[in-house]
Every structure is written in C-alpha cells, then in structure tokens.
Amino acid sequence: MGLAAFPGTVHVRAPGKINVYLGVGGRHDDGYHALATVFQAVSLYEDVIASVDDGFSLTVTGLDDPDSVPLDDRNLAMRAAKMLASATGHAGGVHLELRKSVPVAGGMGGGSADAAAALVACDALWGTELSSQELHELAARLGADVPFALHGGTAVGTGRGDQLNPALARGRFDWVLVTCERGLSTPAVYARLDDHRARNAALADDPPLSLDVPVPVLQALRAGDPHSLAASMYNDLEVAALLERPDLDQIIGDGLSAGALSGIVSGSGPTVAFLCESPEAAQYLRAQLESSGRTALHVHGPVAGTRIISA
C-alpha cells in the first residue's frame, strides 16, 4: 500500500459480499473444492481499529451473542495480524477492535472482511509497506473470500475462489438481505453438499475439478440488468444449506411472493439475498419482510474494497 506508519491507531473498513453465482466442483487432494464464483461487495461493512500494543489482542463489538466470535487464533483477523508480523519481521504487536455489522456465520464473508481490514490496518500502523500483490498473497493464505474483501467491486473467483479477475458491472444492484440469528458452519455446509452428492451419485456425473462462470451471468452484470442477472443467479451450496436449515426455503418463498426478482442463499448461508429491480422496490420488499417478523437489510453493490478511514 506504500503508506508510512501512523502513530496511535488506524481505522479500516471492509465490505461484506454476496455470491451472485457460486459453482462448486469436486474436492481436490488438499481438501478444497474447485470453485467458480462471482463476488459482489455490498454496502454492509466491518470496521477494524488497530492500535499499537506489545502483544496481540482482540475485542469485538456489535454482536448479540458475544461468544459467537472467537478472540484467539481461531479468529481470521488475529491470524492475519500475526501472519503479517511474521512475513515482515515486525517485532511489535497490535490490539484489534472489531466493530461488526456483517452477520456472523451468515455466508457474507464477515470474518474474511475482518482479516482483510486487519492486514491493511497493521500494514499502515507498522509501516511495513507491502505492495497490493503482497497483501493479496497473504490474504489468499487465509481463505478464498479474504482477497476479494481487499479488492471489492465485482470479481470472478476461480481455483479455490482466490484467483480473482475483476468483472465489469455497470450501474447499481439493489439487494435485500434476510439475516438469521443462528449461523451455519461453512465446513459443515460443504460436507453436507459432498454427502448429498454421494447419495445421489447415480443421478449425476462426478463434479469437475475445474469450473467457469457461465457467460449469461457476466453479460447481465456488464449490462447492469437486474432482470437478466436474476435469471442467471445460482448457488451450488444452496441445496446443502436448505438441508441444514429447511426454514430458509420459506424465507425464499416469502421474498419472491413479495416482489423480489430472485432470491438465493448467500454463500454457505444462512443469509438469503434477494435481488430487486430498483432502490424503491428493495425498500418495499424490506418493509414487507419486516412486517412478517423477518430481519431484513437493504444494501447495494458493487462497492469499494478495504480502505483506510482514518489514522
């Protein structure tokens, strides 16, 4: 990023994401599945405040359940900070304050956004001055969603999802997100998908080890056409998420009945993302869903990636 060290603290913001398309292929020998996905960064953010400290510590705010986010090395932000220190030979530490707005275990990459923000914040705080490519390489070691949180916008992810190429997306896409109090484990959803496929192996070919995003998805994004995008949205993990949480099927049905163009489980779920025709249509849908007792948010995309807010 080429930034000199800032005294005191650095405040960094990173966006959550929606998987507009997610194809899941076969599992490689390293345990990771082949993926072809289209990420879109949306206007729901994680804020990380990094402060100089001798050791490494973490606090979290913005949670209904304080125990839902680990404060040790299981936390991606903590791992990101320690990885950066190790990679650059930085001898000091950092205190990270995570101010969360993206649903925890909701399939929107909140933990990955925290990790991306921690990398950028610590790089600025410590003056380690890594290039964008070096930060991307560290981010990729933390999971497929972390590099995208760095870059934001709209991007195609292949390989494990970490091989990113920007995708042209004209205009603004309006989404309504229905969040759930109880999250889903990403590994558990992938395992459920593998089990589902094994049980139905006679009905389908083995999933491929290399995937591409279908052309109609990319054409719809380039055209800025929500109707075309609604017709091409897809998520291979949705069947597994619905097996884990059958109640999500009712949420999708309610949103479609209330006027959404399309609705899918975002990533590994359980957040459901509804694409709407316009900001006004999204506001109406949000009100309809909230009137039936759902927790709904109106967001838009694409938005910028991880950035420094203040120092």
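This briefing describes the pockets, nonpolar cores and aromatic pairs of one structure. The model is predicted. The largest nonpolar core has 37 residues, and the structure holds three aromatic pairs.

**Largest pocket**

- The lining of the largest pocket comprises 46 residues; Leu 76, Ser 112, Asp 145, Thr 186 and Pro 187 are those nearest its centre.
- At least two lining residues come from each of β1 (9-27), β2 (33-53), α1 (76-88), α2 (110-126) and α5 (186-199).
- Helix α5 contributes the most to this lining, with five residues.
- Sorted by class, the lining of the largest pocket contains 18 nonpolar, 18 polar and 10 charged residues.

**Second largest pocket**

- The second largest pocket is lined by 23 residues, and nearest its centre lie Asp 64, Pro 103, Thr 179, Cys 180 and Glu 181.
- β7 (173-179), α9 (247-257) and β11 (295-301) each provide at least two residues of the lining of the second largest pocket.
- The lining of the second largest pocket consists of nine nonpolar, seven polar and seven charged residues.

**Nonpolar cores**

- In soluble globular proteins, nonpolar side chains tend to be buried together.
- Within the largest nonpolar core, of 37 residues, the most contacts belong to Leu 84, Val 94, Leu 96, Leu 119, Cys 122, Trp 126 and Leu 142.
- Two or more residues of this core are supplied by each of β1, β2, α1, β4 (93-99), α2, α3 (132-140) and α4 (145-151).
- Helix α2 gives the most to this core, namely 12 residues.
- Apart from this core lies another one, of 27 residues, which includes Leu 211, Val 213, Ala 230 and Leu 275.

**Surroundings of Leu 142 and Ala 115**

- Neighbours within four places in sequence aside, Leu 142 is in contact with Leu 76, Arg 79, Ala 80, Met 83, Ala 115 and Leu 119.
- Ala 115 is located in helix α2, and its relative accessibility of 0% means that this residue counts as buried.
- With neighbours within four places in sequence again left aside, the contacts of Ala 115 are Leu 76, Ala 77, Ala 80, Leu 142 and Val 146.
- Ala 115 and Gly 143 are separated by 28 residues in sequence and by 9.6 Å in space, C-alpha to C-alpha.

**Aromatic pairs**

- The structure holds three aromatic pairs, one of them formed by Tyr 21 and Tyr 234.
- The ring centres of Tyr 21 and Tyr 234 are 6.0 Å apart and the ring planes are at 40°, so this pair is classed as tilted.
- Because Tyr 21 belongs to strand β1 and Tyr 234 to strand β8 (residues 234-235), the pair ties together parts that are 213 residues apart in sequence.
- Tyr 21 counts as buried because its relative accessibility is 12%, under the 20% limit.
- Tyr 234, at 39% relative accessibility, counts as partly exposed.
- The rings of Phe 56 and Trp 126 have centres 6.3 Å apart and planes at 90°, and the pair is therefore edge-to-face.
- Phe 56 in strand β3 (residues 56-61) and Trp 126 in helix α2 are 70 residues apart, and their pair links distant parts of the chain.
- Phe 56 counts as partly exposed at 29% relative accessibility, whereas Trp 126 counts as buried at 11%.
- Trp 126 is also among the residues with the most contacts inside the largest nonpolar core.

Terms used. Residues are numbered from 1 along each chain as its sequence is written. This is a predicted model: local features need pLDDT of at least 70, side-chain atom pairs count only at pLDDT 80 or more; totals for chains, interfaces and linings use all residues. Side-chain values use heavy atoms; hydrogens and water are left out. On a 1 Å grid over the protein atoms alone, a cavity is a set of points where a 1.4 Å probe fits but cannot get out, and a pocket is an open set with protein on both sides within 12 Å along at least five of seven lines; lining residues have an atom within 4 Å of a point. Helices (H or I, at least four residues) and strands (E, at least two) are DSSP runs, numbered from the N terminus. Ala, Val, Leu, Ile, Met, Phe, Trp, Tyr, Cys and Pro count as nonpolar, Asp, Glu, Lys and Arg as charged, and the others, Gly among them, as polar. A nonpolar core is a set of buried Ala, Val, Leu, Ile, Met, Phe, Trp, Tyr and Cys residues joined through side-chain atoms within 4.5 Å. Buried means under 20% relative accessible area, exposed over 50%, partly exposed in between (1.4 Å probe, protein chains only). Contact means heavy atoms within 4.5 Å. Rings of Phe, Tyr and Trp (its six-membered ring) pair if their centres lie within 6.5 Å; planes under 30 degrees apart count as stacked, over 60 as edge-to-face and the rest as tilted.
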